[in-house]
There are 2 protein chains.
Amino acid sequence: MNVTIADIAKKAKVSRMTVSRVLNNSGPVAFDTAEKIKSIMKELNYHPNLIARSLSSQRTTTIGVVIPKTEKLFLDNYIAQILSGVTDVAQKNNYRIMLIPVNHSRDDEGDYLNFVRSKLFDGLILLKAKTDDPHLSELAKSGFPYVMVNYRKFGDNYNFVDSENIKGAELAVEHLYYKGHRKIAFVAGSMDEVNARDRMKGYKNILKKYKLPIREEYIIYGDFNRVTAHENSKKLLDLKDRPTAIFCSDDYMALGVIEQIKKYKLSVPKDIAIVGFDNIEIGEFSKPALTTVKQPMYEIGKTSSEALLALIKKIKKSPVRIMLKTELIVREST
Amino acid sequence: MNVTIADIAKKAKVSRMTVSRVLNNSGPVAFDTAEKIKSIMKELNYHPNLIARSLSSQRTTTIGVVIPKTEKLFLDNYIAQILSGVTDVAQKNNYRIMLIPVNHSRDDEGDYLNFVRSKLFDGLILLKAKTDDPHLSELAKSGFPYVMVNYRKFGDNYNFVDSENIKGAELAVEHLYYKGHRKIAFVAGSMDEVNARDRMKGYKNILKKYKLPIREEYIIYGDFNRVTAHENSKKLLDLKDRPTAIFCSDDYMALGVIEQIKKYKLSVPKDIAIVGFDNIEIGEFSKPALTTVKQPMYEIGKTSSEALLALIKKIKKSPVRIMLKTELIVREST
DNA sequence: CTGAAAGCGCTAACAG
DNA sequence: CTGTTAGCGCTTTCAG
């Protein structure tokens, strides 16, 4: 069997409690006793059973990260960047990370609540929550520490870290306007996500500002997916009064649209200018390099993680509401 | 307080044991009793405490994944792809994933062993293990279920899933030879990694095969890093007898080298041809698109995960040794 | 088919 | 400064 606290205690001729105190630096222990215990722990190659500790202490020093389960999870650069920020901070604070992929389109959507109930984590970070997720309000009410990433809701206990999506979209569309475009289309993504709605707002704000008509045929709905956008963009390109610029609600969609434009033997940006959103890695390398609105994704992850730890340690109280800045990055596609 | 098995038992007027049996489908329970218990569990919104279950059963249904802690963890497309494969399989088998970032260059290198001892996981997957990691043999001896990814060692209990790196490198270099190149350099990466050594072998094999000299000044050592490769490649470009082709031990380095070549106002592939290794996502989008050796990274992750689960469930026994095929993908850089 | 007893390894709370 | 008692919530083992 494994070395336990009892073995150490026996060999050191003290109680298990004293060993535990040495282990956690909790409570006073005579220097000599402590040294002796430490040396015995080394000698026996003792390592605490963290499961037992968690059961007893009701803490796991683990945070769960709920991510949408997509075909190839980590290949989504948006998620990758946020996870980087989240884990960096967690690591520094000696918290462990458990990933909880959730299938948004299926029954297991509320699964993360079961995980909460199962006492596996001290807190939860949620990526890509849907606006209509009914479990969210339950989570918010429960008092369990959590932070939503890129979500925004001003009810009582909604904790979130979001970026300025409306403003970001405004920057993008206004940039197109400055470039002389008057026929600006929008590939909107899925209206299930708060962010998508915000970007829509920004898009419409600028059209209104410059008294451009909001034309329904210039707005394409779908999901945040390169292939879908690729297909759907035909609707725009087949239009008699074809747009001269397309703002896309994320970079992956922008790439899909650009591919389609090439198939039509049109040129980006000469015939049609494109702006994306997020600033994913390949945007910089694609041809033409993608003009986009940068979300500080790594920062968002970092900030979320910090906020969550503060909630767990009760340094902060709900609601936590943090907004980060977005920024236009002009490259070759406009 | 939370609903526990005891509450259910009390309300159903049975012992906790009977509830536990219903919970796990273990052992016989009268149909009616079972139904009653189930309905009470629903009514009380009961969810088992998984920590308690783990402590008692000595299983966690969690696997740990050891990844090198780099600046921006998930942004490494190699790791991302492997993780995708690993998690997909784990998920399907109802196993959870815990990430263990490890700083290779520091003391905490052996940390993953402490995690093993801490009973947090049922098994371990190791990415980017170093050849000289002294903890590996301890792990192998321990009998604890684990699989190393992209590693290869034929001692008794070494479990690994690797790809055919030697052959892959041969494909790359032979391709350059066919294209007419006789002065072929090699950006080798770090010899700490088995894979790098294998690629070196492949490189030398082809030179020998075609009776080309192995010139030390044509081999650049370093670490697997874009920036380092970028800097070090100057040594090649400054050579009087400059190579006409460079094989790089991974794609990120290849990208770094290409940048440097551009700075020298030389053209890829006209002046210097480049082949990378791995087939990371941006290789397809960079300019020129990167010729590379594809490792089936998603498959590697998937296979590793499957093998690990088989070890955990004792369907398989050590040693597990699996090799996957590599494949040349010719694009614009050669 | 059901239950009782024991224990997984640790920590909290209190007492000395 | 140290120890005792109790218990975290579940499963295993054995007995009925």
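What covers the buried residues of helix α11 of chain B includes β6 (184-189), α10 (226-237), β8 (245-248), β9 (273-278) and β10 (291-294) of chain B. Here, contact means C-beta atoms, placed from the backbone, within 7 Å. This is a predicted model, in which local features need pLDDT of at least 70, side-chain atom pairs count only at pLDDT 80 or more, and totals for chains, interfaces and linings use all residues. Residues are numbered from 1 along each chain as its sequence is written, while chains are lettered from A and ligands numbered from 1 in the order in which they are written.

**Helix α11 of chain B**

- Helices (H or I, at least four residues) and strands (E, at least two) are DSSP runs, numbered from the N terminus.
- The buried residues of α11(B) include Asp251(B), Tyr252(B), Met253(B) and Ile261(B); buried means that 20 or more other C-beta atoms, placed from the backbone, lie within 10 Å of the residue's own.
- The 13 residues of α11(B) (residues 251-263) should span 18 Å at 1.5 Å a residue, and the end C-alpha atoms are 19 Å apart, which agrees. The expected span is 1.5 Å times one less than the number of residues.
- Just after α11(B), Lys265(B) has a positive phi of about 60°.

**Where the chains meet**

- Chain A and chain B each bring 35 residues to the contact.
- On the side of chain B that touches chain A, α5(B) gives the most, with six residues.
- That side of chain B has 18 nonpolar, eleven polar and six charged residues. Ala, Val, Leu, Ile, Met, Phe, Trp, Tyr, Cys and Pro count as nonpolar, Asp, Glu, Lys and Arg as charged, and the others, Gly among them, as polar.
- Strand β2 (residues 96-102) of chain A pairs with β2(B) in the antiparallel sense over three bridges; pairing needs at least two bridges found by DSSP.
- Within β2(B), Ile97(B) stands opposite Leu99(A).

**Around the DNA**

- Around DNA strand D there are 28 residues, and Pro28(A), Thr4(B), Ile5(B), Ser20(B) and Ser56(B) come nearest. A residue is near if its C-beta atom, placed from the backbone, lies within 6 Å of the strand.
- DNA strand C also has 28 residues around it, with Thr4(A), Ile5(A), Ser20(A), Ser56(A) and Pro28(B) nearest.
- The surface near DNA strand D has 13 nonpolar, 13 polar and two charged residues.

Note on methods. Buried ≥ 20, exposed ≤ 12 C-beta atoms within 10 Å, placed from the backbone. Contact = placed C-beta atoms within 7 Å.
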